[in-house]
Amino acid sequence: MLAGQAPPGAAGCGRLLAAALRPLLCGLSPCWVAGRQCRGLRVAEAATEEAQVVQREKRGGVPVRRYIACPRLARTVQQCLQRGAGPQPLLLEFAPGPGILTQTLLNAGIRVVALESNLAYLPNLQSLENSLDGQLKVIYGDFCRLDPLVTGTLKPPAVCSEKLFETMGVAAVPWRADVPLRIFGIMPHTLERNRLWRLLFGLYECNSIYKYGRVELNLFISEKEYMVLRAKPGETWAYQPLTVLAQIGCEIELLHKEPWSSFATDLKNGSLAIPKSKWLPNDHLCLVRLTPQQNLFTGGLKPTNATTFIFMVKQCLAKPTSRLSDRLNSWSLDNGGKLLKALEIPENAAMRDLYPEDYRRLFEALQNSSTFTETWFYDEVLETVRTINL
């Protein structure tokens, strides 16, 4: 730390971490992070780095996109999306492709916005739009490039959430209000984990789509990623930081499981291109509903310190078999044992044995401790940022 410079506290650490960690979790290189911290970074450099992420997908030898081409599966998905009581808000379907599901949703009386980035599919979707009386709106854009990490004017199909929501006519609502928008899509398995992390960052910081309230996601994700989201403490290979943060932030509901063979791909040879998984089953795509918790920001957790909470969880689970008491000691907490006793957490508890709510209670307890905002934590944040930039 520079002489005479005071530590910024937990909120300042959170802003520092947000700038340093989010690009990496979203698939950008450490060089991008280092460049963003230097003055004079050209917009073109950032845009080039963002474009390289897209190019990596195209060079990967696997399809960037999958589609629903089977009417039976389309009806199943439509029924899943309409499951549950209460009003049915507008549905944003991203990457609808040939529009098999789109037509099924429209036939069921659902209002749909189709966000499509493939120019080959736009004419058919726009023709369908013109044949209806406002039930369907078609927009050129790529959900996976929503609010990209660049500055300046966006080049389509990248799209800004503010412009997208304005075009859809969806206004922001208070966090505890009803769901203002539902989103459906099939997540590309290339960089799938990065995309899930990016959505979680937006959720906890109330940024991007979550500036408008508790937007509900209905996503087909790989079975292995679903296993991570629903893992329980102690489950080797599955229980991870993503698990903890997803379970605290969202109500997670499995709506349907479908074999990979049921989906069409962009591959000319017709290959299914199922991604390999060494430790977890991965025979299906899982339709998962992620509904943000209404009570997420009650207590000590707030959008302003949420990035610090994310960092704490990642640090704790970096060595899942280590003891929580050892981590607290590394943070120079003299009253670590007393803190664990107050939280009713055994002193010999391993990181992987703590429930998601235990991590939240620990964070809120640390927020109430003046030690949490002192130099030791700030220095660890700086060291993490320096390591990232190597």
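How far apart are the end C-alpha atoms of helix 8, and what should its 14 residues span at 1.5 Å a residue? I looked this up in what is a predicted model, and I found the end C-alpha atoms of helix 8 (residues 192-205) to be 20 Å apart, which agrees with the 20 Å that its 14 residues should span.

Next I turned to a pair of helices. The axes of helix 10 (residues 241-249) and helix 14 (residues 356-367) come within 8 Å and cross at roughly 85°; since angles of 65 to 115 degrees count as roughly perpendicular, helix 10 and helix 14 are therefore roughly perpendicular to each other. On the side of helix 10 the contact is made by Val244, Gln247 and Ile248, and on the side of helix 14 by Pro356, Tyr359 and Arg360. Sorting the residues of this contact by kind, I have four nonpolar, one polar and one charged.

Last, I looked at the whole protein. I recorded 15 helices and nine strands, and 52% of the 390 residues count as buried. Among the contacts with a separation of 6 or more, 76% are accounted for by residues 24 or more positions apart. The protein exposes about 18000 Å², and carbon and sulfur atoms supply 51% of that area.

Methods. Residues numbered from 1 in each chain as written. Predicted model: local features only at pLDDT ≥ 70, side-chain atom pairs only at ≥ 80, totals over all residues. Heavy atoms only, no water. Axes fitted to C-alpha atoms, helices over the stretch in contact; angles between N-to-C directions. Helix = DSSP H or I, 4+ residues; strand = E, 2+ residues; numbered from the N terminus. Parallel < 35°, antiparallel > 145°, perpendicular 65-115°, else oblique. Contact = heavy atoms within 4.5 Å. Nonpolar A, V, L, I, M, F, W, Y, C, P; charged D, E, K, R; others polar. Expected span 1.5 Å × (residues − 1). Buried < 20%, exposed > 50% of the residue type's maximum accessible area, 1.4 Å probe, protein only. Areas by Shrake-Rupley, 256 points an atom, 1.4 Å probe, with all protein chains shown as cover.
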